[in-house]
Amino acid sequence: MPQTVDQQTTGAATAEAGDMQAPVVSVRNVFYNIGGNEVLHDISFDVMPGEIFGIMGMSGSGKTTLLRLLMALIQPDSGEIVVHGEDITKLNEDGLNRVRSNMGMCFQYAALFDSLTVRANVAFALRNRRDLSVEEIDRRVGDLLDLVDMPGVQDRMPSDLSGGMKKRIGIARALIEHPDLMLYDEPSSGLDPVVAAVITGLIRSVRDEFASTTIIVSHDVASLFSIADRVLMLHGHRVVVIDTPEAMMASEEPAIAQFVKGETVGPLTEAAP
Ligand SMILES: Nc1ncnc2c1ncn2[C@@H]1O[C@H](COP(=O)(O)OP(=O)(O)O)[C@@H](O)[C@H]1O
Ligand SMILES: [Mg+2]
């Protein structure tokens, strides 16, 4: 049987890590509407420390909106979004900046600044930090370029780089403030399968290196299942299931089976509920 939302905190990562740990992210009964259209309906889930948590669903199912809520770029109509014990729906701008500096975000269309070198792109979030020396910033940029396997490209311009290289630079940029929560929106989209697998491997090494809790949004089931500890499936504005990739692959629930197998006929492609 698929887990219900209420049972989700008994997922694999939790059990391995010990049941006493507090979640890094706890979303409780979140509702979000845009222009009278429901985008997210009663969304609840927990993400545990060090976990790689996937969010999947068809295009338009609200995945990016959910990430924007987690970053407090938008506010829910109701519900709580607790990050490191603080309800971010209740924070002022200073509080939000503090919470956001602990989050690294790789947006789907994270265009690098074309007029800036790789160094300036990666260091962008530090541009107003007077407490860090130029040497310290250079050292951090160099370390991160090593981590994403792009050593020595500090002086290159984004226009010189392939799509996969730009993704790596985007990941380095998101890591510059040493966040303990990484959010990725469609990290493998627009990449060929080989490069997509390299990026997936990189997301895992970033998690290992920084012990970062990781949330990945993707409609690419194969990539997501290859890396995620647990996956939340969104459909019809709601959480359909939260479970391990293994359990989802074995699921006979028609909507889950259709998504996992990528079939064109099934409940997901019938008229919207
Ligand atoms: N700023 C916006 N204005 C109007 N509709 C929006 C806006 N952002 C998202 N939506 C709508 O909300 C739904 C979910 O969008 P999104 O979160 O981008 O889905 P996904 O990332 O899963 O493809 C879509 O139907 C989209 O059209
Ligand atoms: Mg999206």
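Colleague: Which helix gives the largest share of the shell around ligand 1?
Modeller: First, this is a predicted model, where local features need pLDDT of at least 70 and side-chain atom pairs count only at pLDDT 80 or more, while totals for chains, interfaces and linings use all residues. Residues are numbered from 1 along each chain as its sequence is written, chains are lettered from A and ligands numbered from 1 in the order in which they are written, and side-chain values use heavy atoms, with hydrogens and water left out. Now the shell: 3 residues of it, the largest share, come from residues 63-70, which form helix α2 (helices are DSSP runs, H or I, of at least four residues, and strands are E runs of at least two, numbered from the N terminus).

Colleague: How many residues of that shell are nonpolar, polar and charged?
Modeller: Around ligand 1 sit Ile34, Val39, Met58, Ser59, Gly60, Ser61, Gly62, Lys63, Thr64 and Thr65, each with a heavy atom within 4 Å of the ligand. Gly counts as polar in this scheme. The shell splits into 3 nonpolar, 6 polar and 1 charged.

Colleague: Is Tyr184 buried or exposed?
Modeller: Tyr184 belongs to strand β7, residues 181-185. Leaving out residues up to four places away in sequence, its contacts include Leu67, Cys106, Ile171 and Ile203 (heavy atoms within 4.5 Å). Because its relative accessibility is 1%, Tyr184 counts as buried (under 20% relative accessible area, with a 1.4 Å probe and protein chains only).

Colleague: Which side chain makes a polar contact of 2.9 Å with Asp46?
Modeller: Asp46 sits in strand β2, residues 37-47, and with a relative accessible area of 4% it is buried. At 2.9 Å, the side chain of Asp46 has a polar contact with that of Arg28.

Colleague: How far apart are the C-alpha centres of domain 1 and domain 2?
Modeller: Domain 1 takes in 1-102 + 181-273, and domain 2 covers 106-178. Between them, 17 residues of domain 1 touch 15 of domain 2. The C-alpha centres of domain 1 and domain 2 are separated by 26 Å.

Technical notes. Buried < 20%, exposed > 50% of the residue type's maximum accessible area, 1.4 Å probe, protein only. Domains from an automatic or database assignment. Polar contact = N/O pair within 3.5 Å; in protein donor to acceptor, adjacent residues only side chain to side chain.
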